[in-house]
Structures are given as C-alpha cells and as structure tokens.
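Look at the sequence and the model together. The questions below take you through them step by step.

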Amino acid sequence: MTAVSAPPRAEQAAPYATRSGTRRRRPLLPFSPWHLLLAPMALLFAVPLIWLVLSSVMSNAEINRFPPALWPSHLDLGGYRYVLGNAMFPRWFANSFLVSLVTVTANLVLGTLGGYAFARMRFAGSRLLLGLMLATMAIPFQLTMIPTFLVMRQLGLIDTLGALIVPSLVTPFSVFLLRQFFLSLPRELEEAAWIDGCSRLRVLWRIVLPLSRPALSTVAVLTFLSTWNDLTWPLIAINHDTQYTLQLGLTTFQGQHHTQWAAVMAGNVITVLPVLLAFLGAQKAFIQSVTNTGLKG
C-alpha cells in the first residue's frame, strides 16, 4: 500500500501569498524608494564641501580664474603649506580646542543638574523659571552681545579666553533637551533606588546618567559645533592675535586688496575636519536622542 503524500500547504506553494489569499509583490528595488529622493538631496548638500576640498588644492590664480575651474589642473598644496607654516596657527587651533572642551564639559555637568531638577523636582516657581529660561532662546544674540560685553569687561575677561568660555558655560538648550529626555525615563527605576537608600545625586549618577548617553552625546556634539564655529563673539571680545580662535585667525588670511584664497580654503578644510569627525562619531546617539526625547511636558 503506497503512502499518499499530503498536498503542500498554501504557504509553501505560494511563498509570497498572504493569509487573505492576495499575492505579495516582490519589491522592484533592493532599497527603499525614498532613497531615490534622499540620495540627490544628500549629493546637493555635499557639493559645497566637495568644492571646498577641491579648491584647497588649487592655486590662487586657478581659484580666481573666470569662469571658475571645477577641477584642479594639478595638485597644488601651497595653501596647506601657507596655513601650517603660519606660526600662530597651532596656537589658534589650541585656543579653539580649549574653549570648546571647557564649554562642552560645563554644559554636560550644569545642563544635567539643571535638566534633572526641572524634570524631577517641584519647587516654588519652577514652571515660571522654566518658561523664562526657554524664552531666552527666542532672543537673538545681536540683542545680548552688548550687555554680555559690558559684563565681561567688568569681570576683566575681555581679550582672554575666559570671555569666550563664561557666557557659554550653560545654555538653555542643553538644560531643556536633557530635561525632556529625563522625563521620558520611567520613575520606577529611581523610586526603587530611593527605597534602597540612594540620594538624588547617587540616583542621577548611577541610574539616570547611564541611560542618558544618547542625550548627553547630542548636547556634546551640538555645543561643540556652535562653539567651534563661532566667529561673531570672538570677533568682539578678542583683540590680540595670541588669543584668537581658529575661526577668527582664518580671517587674517583675507585682506582689503589681496586674499590668499588657497590658504582660506585649506584652513577651512582643517577646521571642518574635527566637526565632521565629531558628528560622524555621535551620529547614532544623536538620532536615538532625537527619537526618544519627544515633547513630553
């Protein structure tokens, strides 16, 4: 007696069939259709950076030529030699790095304390104080730079790196972003630690901060970007070239009658590299923080 094999299941006979009987179509593209729109947009935004890199290996005559050259005829590193041969360039780079490092560290520490206080502690006038702090984000810097300059002059910090550090020790944005992230964390984790006898600072250090690495990375990257790229405030507060930041020092390559465009382009390439590396290193944490933070009030 021969065994009769059972008929194949519908799922095996039609691997692309759904339970409702309709056949699932094989995707036409091996990637999301959104990439057809995003890839040209990404290329469009990358054009200035590509042009900057190409111009940095051109000569001044080639950059000033009309119509402009889209591709260097030969590799010319004169701009890089001019920049790196400038005796003050390492000093400017060190000044920018020091100001950015201190500012990022201060915003992480003070922003964490302020954000956690607004997220978990209720005290008289907390909501009013939070509203006033957020209102300062709507005030443009052009309206506050004169009062800031007068305060820094009274403190004796003008023409020093302290004038660049003190006004940015903590920003409303860092406090607000960290507050929003702390609100998204479940209170049960902290309450369990309080039952075990932990203080607020220990709960913040042992439990909250390890869970807040994406938000802390975002604050660090954005603070570094704004501090490293700042030109307006150093232009007002710094007079002596030994205290110049990198952005301010690059302006010395541009004169009223003659500009070393190759040196300007090469200096900008060197300036962009730390910013680009910082963003690429924290890109995953940045996206995760923006996704998880939300607008919980």
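Buried means under 20% relative accessible area, exposed means over 50%, and partly exposed lies in between (1.4 Å probe, protein chains only). This is a predicted model: local features need pLDDT of at least 70, side-chain atom pairs count only at pLDDT 80 or more, and totals for chains, interfaces and linings use all residues. Residues are numbered from 1 along each chain as its sequence is written, and side-chain values use heavy atoms, with hydrogens and water left out.

Q: Is Phe-118 buried or exposed?
A: Phe-118 is found in helix H5. Helices here are DSSP runs (H or I, at least four residues; strands are E, at least two), numbered from the N terminus. The relative accessible area of Phe-118 is 11%, so Phe-118 is buried.

Q: Which residues is Phe-118 in contact with, leaving aside its neighbours within four places in sequence?
A: Contact means heavy atoms within 4.5 Å. With those neighbours left aside, Phe-118 touches Phe-123, Ser-126, Leu-129, Leu-130, Met-133, Val-175 and Arg-179.

Q: At what angle do helix H5 and helix H10 pack?
A: H5 covers residues 89–120 and H10 covers residues 187–195. Axes are lines fitted to C-alpha atoms, for helices over the stretch in contact, and angles run from 0 to 180 degrees between N-to-C directions. The two axes are 13 Å apart, and the angle is about 95°. That makes H5 roughly perpendicular to H10 (65 to 115 degrees; under 35 is roughly parallel, over 145 roughly antiparallel, the rest oblique).

Q: Which residue forms a salt bridge with Arg-120?
A: A salt bridge is a side-chain nitrogen of Lys or Arg within 4 Å of a carboxyl oxygen of Asp or Glu. The structure holds one. The closest N and O atoms are 2.8 Å apart, and the partner of Arg-120 is Glu-190.

Q: How many residues apart in sequence are the parts that Arg-120 and Glu-190 tie together?
A: Arg-120 is buried at 6% relative accessible area, and Glu-190 is buried at 3%. Arg-120 lies in helix H5 and Glu-190 in helix H10, so the pair ties together parts separated by 70 residues.

Q: What is the phi of Asp-159 near?
A: Asp-159 sits in the loop between helix H7 (141–154) and helix H8 (162–165). Asp-159 is partly exposed, with a relative accessible area of 25%. Its phi is positive, in a residue other than glycine, and is near 70°.
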